[in-house]
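Student: Could we go through this structure together, feature by feature, with the general idea stated before each case?

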Amino acid sequence: MRAVTSHEQEFSDFMASAAPRLARTAWLLCGDVHLADELVQQALTRTYLHWRTARERDPYAYARRTLANLRVDTWRRRRREVLVAPPDLPEAASDARADQHAERDVLVRALATLTARQRRIVVLRHLVGLSEREVADDLGVSVGTVKSTASRGLAQLRSVLGAADPADARGGALRTARLPHHPTSDQTDRRQP
């Protein structure tokens, strides 16, 4: 039996801490728990294969960027989104859990109406919480592209969510809690350097 190298242990520690965040991001990007698991495994495999490069800067950012790129590749191959409810949804749930799952379902269905680019940018910027600069770096686009695409994507989401039954309180809560308003030109992203 061979001993585990420090390189392998370092990656193993990284993987244990990064996998849950990557899984959440992957699920938001694709809306399918099985595809999300595959994307995370592929992203972690590629990160491991390029560990020397990844660990020099920010290994999580490297893995997240790889994940987003893999999602683009998958989308190009399939050209179609198929949303599947996660298998861990219980048949009978408490009202709070039911509301949470209903909101999640509404959000994923609304995200599915966006273009692939809009979805990636909106998810990374507003649901993962990256700065505009981080999203631009991850996706290899300009900050202006991130701003304009996020603005159009959020407008589309508001339109889709606004078309839902106004009597549905969950939809209203989702609109107000999850979608930021587009900043005016005098407001800036305070997280950017």
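**Reading burial, contacts and helix packing**

Tutor: Buried residues, meaning those under 20% relative accessible area, with exposed over 50% and partly exposed in between (1.4 Å probe, protein chains only), make up 38% of the 193 residues in the chain. This is a predicted model, in which local features need pLDDT of at least 70 and side-chain atom pairs count only at pLDDT 80 or more, while totals for chains, interfaces and linings use all residues. Residues are numbered from 1 along each chain as its sequence is written, and side-chain values use heavy atoms, with hydrogens and water left out.

Student: How many helices and strands are there in the chain?

Tutor: Helices (H or I, at least four residues) and strands (E, at least two) are DSSP runs, numbered from the N terminus. Here the chain has 9 helices and 0 strands, and along the sequence the pattern reads α-α-α-α-α-α-α-α-α.

Student: Is T47 buried or exposed?

Tutor: T47, which lies in helix α2 (residues 33–49), is buried, because its relative accessible area is 0%. A polar contact is a pair of N or O atoms within 3.5 Å; within protein, one must be able to donate a hydrogen and the other to accept it, and residues adjacent in sequence count only if both atoms are side-chain atoms. In this case the T47 side chain reaches the backbone oxygen of A43 at 2.7 Å.

Student: Which residues does T47 touch, not counting those up to four places away in sequence?

Tutor: Contact means heavy atoms within 4.5 Å. With that exclusion, T47 touches F11, F14, A54, P59, Y62, A63 and T66. F14, in helix α1 (residues 6–30), counts as buried at 10% relative accessibility, and, leaving aside neighbours within four places in sequence, F14 is in contact with L44, T47, W51, P59, Y60 and A63.

Student: At what angle do helix α6 and helix α7 pack?

Tutor: Axes are lines fitted to C-alpha atoms, for helices over the stretch in contact, and angles run from 0 to 180 degrees between N-to-C directions. Helix α6 (residues 116–127) and helix α7 (residues 132–139) pack at about 135°, with their axes 9 Å apart. Angles under 35 degrees count as roughly parallel, over 145 as roughly antiparallel, 65 to 115 as roughly perpendicular and the rest as oblique; α6 and α7 are therefore oblique to each other. Their contact is made by R120, I121, L124 and R125 of α6 and E132, V135 and L139 of α7.
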